[in-house]
Amino acid sequence: MHVNVWASSRWAFWLFTFGLTFSVVSTSSLKVSLADGDDSDYSRREAGARDTWTDQVQFDQYSLLLKGHRVFLHSGEFMTYRLPIPSLWPDILEKFKAAGLNGLSLYTHMGAINPSKGVVDFDGYRALQPLFEAAKEIGIWIVLRPGPYINAETSAGGLSHWITAEVAGKLRSNDSDYREAWTPYIKGIIDQARPYQITEGGPIIAMQVDNEYGQSAGGPYFEDLKAVYRNKSSGIVLPLTYNDPGMGRSFINGTGAVDLYGFDAYPNRYDCSHPDVWRPVPENYHDYHQDVNPSQPLYIPEYQGGSLQAWGPGTPDYSGCYALTGATFESVFHRQLWADNVKLLNYYPLYGGTSWGNIPFHGVYTSYDWGAAISEPRTIGTKYTELKLQGLFLRSSPEFYKTNVVANSTQQTFEGSITSINNTSPAFVTLLRNPDTGAGFWIARQKDSTSTALAQFKLTVTSSSLISNAQEIRLPQIIHAISLAGRESKVIVTDYLFGVSSRALYSTASVLFAGSIDGKDVLFLFGDAEQEHEAAFRFSSASVVTKVVTPLIKIHDDVFVPGISVVTFSKGINGVHTVHSSDSQLIVYADSNTAGTFWAPSLSAFGLNDRNPHKNFWSIGTNQSVLVGGPYLVRSAQIHNGLHDSALNLRGDLNVTERGQGATFTNKLTIIAPRNITSITWNGKEALLDSLSSETGYRTATIQTDNNSPKTDLNAWASRVPDLSGATWRFADSLPEVKEDWNDSGWVEANHTTTNVPFPMNYGDGRILYGCDYGYCEGVVIWRGHFNETGQQKNMNLSINGGQGFAASVWLNDVFLNTSFGNSSNGANNVNETDQTFLLPEYALKKGEDNVVTVVQDNMGLNENWYTDNQMKSPRGIRGFQLKDGNFTTWKVQGKVGTYNKFPDKHRGVMNEGGLFGERKGWHLPQFDTSGWQTRNLSVGLPGSQAGVGFFVTTFDINVAFGYDVPMFFNFEDLDFQHQPVQEWKPYRALLFVNGWMMGKVVANLGPQAKFPVHEGILNYGGTNTVAVALWAMTPNVTIAPRLRLKIDGIYESGIGKISAINPGWSANGRE
């Protein structure tokens, strides 16, 4: 699986007043603004000089410094190869940015980019430039992680399959042939990355060396990789990072050491069957960091963003993983990271995507949803909302980027005290303080982090600069207590800066947003409607609010000293309310649910700074935003200024899935923006803008949309989706290889007697029958063993290796013998290899003639590595063969057409196809002519309920209007792994091809996946689509009747933009 940088004694931020003025405010000095766009000269500040990388990326013990600005790198993993539609990549990046994140961690897939020796291909979904351009435009930093080994639940850990077969030396070592194998790929990555480094105006700020390895084994190998990156001809001027698989102390110093060390963490592990069972939150990250690399910031390159899932019975669907790592997990575990002073944090994954084709290693299935904050169909929910609340707080709190861990409440040096109320569950608080400004961040959770009980307490905090000579303050002052509702964590702030010059003395309510809008210092607080909250301020001037709308909010003046007001928020507050509004300050409060509907899209700096290539990057190019409440998503905001007025142009999405069915739907916006805004557009259409209330400080707008439009009614949409059960399906046999007249003379003879695979044959006659040795590493491989019948052959033994949950069906001539089944039960009871005796019935033998044993073997993907040498060189194939009497004369083998060297479909790439006859012919591709095939519905299965393989193909049209994002999925409705008893599961496999892309593998005897999301761009939303199903029945005389349906997963009126469908059709070139 999986696992960024900063430094300076002062923070700075841009204040942009919506006219012509740019200025910079700092707590200690004034920094010259880069109004002319020249950003080449930045102070190194406290970080010190680094000879090996640019001073535009530096760090100290606190955080990253990017171009002289201290940054909390808050990022998520997005593997573009798992979303092979480049025009959809901006959608993911916009959702990252909308959640307040500023970074992206990017694994690249060597196996796809470097499919064969001497070939490095950055076309199509393998391209990096479109992502780099999108990240630059949207304002997202990138840590590039090209491996070569990435793990990532990918076959061979992402290494090119050809390497596992053709390299004799040890993989992930400094052996010369392995170095020769990866060098062209890494140089290709360097060529792609060089013009997009931060120094070139691009988004890339660091590059990771390989991934998850031990220094004792990998030190010399890392030195080889570093030598390529650090070669002056490479032009790479960025720091090199590393992701340690846990706190392993690797590559900090010594051979192979990198510039910035980090370690990964998956603390709640992977039991999605019991999502309510938590492990205690780790409390040792800070201590470990202080022990091993205290001069660097604490970096977590991979933090648990969900959970992987294995094949087999007992595996729940991803909803269990979503719950295991959901909003409460994020609340407690993420804020504990803050308490440990983590300042570079990457969630793995933030968007998982789809392990389509033959991408996955044998331990996982097609969906790579992971229960991540952004789902596989790209939708967002409560988990994303909690992440957004955290992300906007971090973005709003530059003083938090430089903090010391003072102590926690169990230590004598803790600058405060906790008093539990009514014997409730004890709390645990960690204090972090900014050494320059004194701002305090008191991070509270339950002492037993797994507790679901109520905790109520009072907290004594240390002095505030707002109260002369005050040493301690007991919080809260007026309300009953600070509350934690079970698995909940909060940040209680003291001396907290918001805007240019305002500070909150304290707040037990959470901060959603702090900043400057229209020259005002703005603070947006929120809290659970079932709890009380309290905050204290020195209001800057007389408020124009004549009356707080709800009596549940009270302002208590002069509680400490004259000029300090304490605001209490009682239980039961719903909606957004203005606490204080004046010419220089705006303070608002909302309940948590309402706060979760707000967005704070950043505004790029206009005018003189427009030439700054990083104008869209928060704190580097802009510190300005507006607040928009109500919609499902706000993707971007722009203000266009006129002479006397300005227009606010918003782009985003409305969730209209349940419109017209009694569900709550809103097209109302609540907006905090400059006063001179006189018009608002939403996705280019005029919205109805209400007048600004001087009392509330915000205004509302109505998006003009037709609530009664049938095109946005779910039932109407569902009726327009094609009914595949009633479609005209065409059928052809896809296993002619078992027929008596099949001629395999053109196949490769499997006659190798040596192999680079370090796992020997179990038995046989010295011939090696491993698929990769013959260029067949992906998907189904078909073996044909010939022998002369002598009258003595009664049975044979075959040892077959295909990985977890594999299967292999065996025929003697045209007679089905049996299927050998591997196994997986939610990652347990794994069977990667079988050794089985097959009886050779006399009636099936051809007396005195050549007989053929045909083995249809599924390769579930190659092993990953971790610390075991050369596991990626997996012995997939037949590891043992023996006739009871006699010998096999010849073995022939056939897999992917053209092998990994000459496969014809360069667009979809090496990972898409396997070796079934229909795949080799290209039957799954659009425009293949099936008019001569018989008509046969998929739901009736193969003729005669026989064992074998058949191809079913149909076409249908979709027409989705531009401006809608409508996720769809294919569902095998005959399968219900979560409710059907195991004994009712069916012995079949199916490959689902959509417009030529293999988007799903069904293993009906193991599960768990029957639902396969497929995105627009693979589906053609404005034309004809081709769906093919390769159905492999593994047991005869069993009713196998797949029922495939296409369904809608949601309807969103969207500003996503145009999605391109690039699905090349069939060509005879390179096909059998």
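**Close-ups of a predicted chain**

Counting bonded cysteines along the chain, the disulfides (pairs of cysteine sulfur atoms within 2.5 Å) pair up as 1-2, 3-4. This is a predicted model, where local features need pLDDT of at least 70, side-chain atom pairs count only at pLDDT 80 or more, and totals for chains, interfaces and linings use all residues. Residues are numbered from 1 along each chain as its sequence is written, and side-chain values use heavy atoms, with hydrogens and water left out.

**View 1. The whole chain, for orientation.** The secondary structure runs to 14 helices and 62 strands (DSSP runs numbered from the N terminus: H or I of at least four residues for helices, E of at least two for strands). The radius of gyration is 31 Å, close to the 31 Å from the globule rule for 1072 residues, so the chain is as compact as a globular protein of that length. Here the radius is taken over C-alpha atoms, and the rule is 2.2 Å times the number of residues to the power 0.38. Along the principal axes, the C-alpha atoms fill a box of roughly 110 × 65 × 60 Å. Of the 1072 residues, 66% count as buried, meaning under 20% relative accessible area with a 1.4 Å probe, protein chains only.

**View 2. Helix 1 and the glycine after it.** Helix 1 spans residues 89–98 and is mostly covered, with nine of its ten residues buried. Following the helix comes Gly 100, with a positive phi near 90°.

**View 3. The Cys 272–Cys 321 disulfide.** These two cysteines are bonded, with their sulfur atoms 2.1 Å apart. The pair ties together distant parts of the chain, 49 residues apart: Cys 272 sits in the loop between strand 11 (260–263) and helix 7 (285–292), while Cys 321 belongs to helix 8 (residues 319–324). The torsion about the S-S bond is about 110°, so this disulfide is right-handed. Are the two cysteines buried or exposed? Both Cys 272 and Cys 321 are buried.

**View 4. The Cys 772–Cys 777 disulfide.** Here is the other one of the two disulfides in the structure. The sulfur atoms of Cys 772 and Cys 777 lie 2.0 Å apart. Cys 772 and Cys 777 are each buried.

Conventions
Buried < 20%, exposed > 50% of the residue type's maximum accessible area, 1.4 Å probe, protein only.
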